[in-house]
Amino acid sequence: MAHDHPHDHAEGQHPPSDMHLRVKALESILVEKGLVDPASLDAIVEHFAEGVGPRNGAQVVARAWTDAAFRQRLVKDATSAVAELGFMGSQGEHVVAVENTAQVHNLVVCTLCSCYPWPLLGLPPVWYKSNAYRSRAVIDPKGVLHEFGVEIDEGVEIRVWDSTAEVRYLVIPQRPAGAEGLDEAELAARVTRNGMIGTALL
Amino acid sequence: MNGVHDMGGMANLGPLAPEDNEPVFHAPWEGRVFAMTIASPTRVNLDYGRHQRELIPGPDYLPMTYYERWFRSLSDALVRRGFATLEEMESGRASTRSAKVTPRSAGEIITGLSSRGSYLRERTAAPAFAIGAQVRARNINPAGHTRLPRYVRGHVGVIERCHGAHVFPDSNARLAGEDPQYLYGVRFAGAELWGEESDPRLSVALDLWEPYLEPA
């Protein structure tokens, strides 16, 4: 699926080499002027590096796979259903969960910026924020999916969700075949971030 | 604003380049820029923040990496809101002027990030459109912030759901109040947006506020 060569940024671009110095200078200005508390910066970085991430969304998906009543609540009112598992907060104020089936494949994008369900998936990957994904996902989703190694059958309906408001979308992937004997935690380990955006099948 | 940020439907903007095992931040400075943007007193509201990034001139915006955009929009917003001077930004040193705000504490910010919030607001008028109604996305070209992408303007879709009345970004971004408006999930057929050549099995759904829509 993804390319195996290492690179730091989509677009094939690199930020100026002095960015760390410019950012450091900005931080000293903000701190000296008393506009931000440096401890809060550390806490924010830690929150997003450690506190939230796709394992939260994976827990929601695994619960939906194993608990039919939860799945029903999730599809009807995802905001309340994910809050049952403790997931809420900035960029997750209003959540809609959409189900992949044998007939329907869902794909999530934000063409205007980078809207993404932070409490469920953490911060978005570089490709999700890239000019290429934002421009192409709505007009050529099959071409985009092909680049992720995903082929969608001719008869399958493709529903793209462009996140233009404060409503965030979570794709509930199809439960993988051969995962019948697994418990909820083992199933959650099978759920990938891209699967919950719609750029991977499980 | 008809800026380059409104990218839906464009072609040839570079490779997708998905990366395996991608870190949350690719360099420590990205995390610092992200955190500064969240903690900064310029974060008046989300829509204002988004508009700051849209104000980066197109030729600069396109080649920037994501957090370079955040760095640029934060620097610009600090000057625009009068929290810092251009001279300070250029020299990288604060002048002696005192702070105008008490910075939010780490606890306050993290609690805010993790608490259940809502953009739903009261609105006494009833929604203008019913589920299943056909609507046309209006052909508007506002100079300021809007969340109506160009690629749906003038096209006909179907109301699939009503999310209730939400904060209206076009107003909120210019600090003119929340002006709550009904927000609808509207689905457009691929062929309606992209023509007969489009995949007949494709549809695109967007969340659009009532002032963006007219009966069709």
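Seven strands form an open sheet with mixed pairing, in the order E2(A)-E3(A)-E4(B)-E3(B)-E2(B)-E1(B)-E5(B). Strands here are DSSP runs (E, at least two residues), as are helices (H or I, at least four), both numbered from the N terminus; two strands pair if DSSP finds at least two bridges between them. The edges are strand E2 (104-109) of chain A and strand E5 (213-215) of chain B, each of which pairs on one side only. From one strand to the next, the twist averages 35 degrees. This is a predicted model, in which local features need pLDDT of at least 70 and side-chain atom pairs count only at pLDDT 80 or more, while totals for chains, interfaces and linings use all residues. Residues are numbered from 1 along each chain as its sequence is written, and chains are lettered from A and ligands numbered from 1 in the order in which they are written.

Within this sheet, strand E3 (residues 157-162) of chain A and strand E4 (residues 202-209) of chain B pair in the parallel sense over five bridges. Among the partners, Ile158(A) is bridged to Leu202(B), and Trp161(A) to Ala205(B).

The contact between the chains takes 73 residues from chain A and 75 residues from chain B, two residues being in contact if their C-beta atoms, placed from the backbone, lie within 7 Å. On the side of chain A that touches chain B, at least two residues each come from helix H1 (19-32), helix H2 (38-51), helix H7 (126-129), helix H8 (131-136), helix H9 (141-147) and E3. By class, that side of chain A has 39 nonpolar, 18 polar and 16 charged residues (Ala, Val, Leu, Ile, Met, Phe, Trp, Tyr, Cys and Pro count as nonpolar, Asp, Glu, Lys and Arg as charged, and the others, Gly among them, as polar).

In chain B, the axes of helix H1 (residues 28-39) and helix H4 (residues 66-80) come within 9 Å and cross at roughly 40 degrees. The axes are lines fitted to C-alpha atoms over the stretch in contact, and angles run from 0 to 180 degrees between N-to-C directions. H1(B) and H4(B) are therefore oblique to each other; angles under 35 degrees count as roughly parallel, over 145 as roughly antiparallel, 65 to 115 as roughly perpendicular and the rest as oblique. Glu30(B), Val33(B), Phe34(B), Met36(B) and Thr37(B) of H1(B) meet Tyr67(B), Trp70(B), Phe71(B) and Leu74(B) of H4(B) in this contact. Seven of these residues are nonpolar, one is polar and one is charged.

Chain A has 11 helices and four strands, and its C-alpha trace spans about 55 × 35 × 30 Å along its principal axes.
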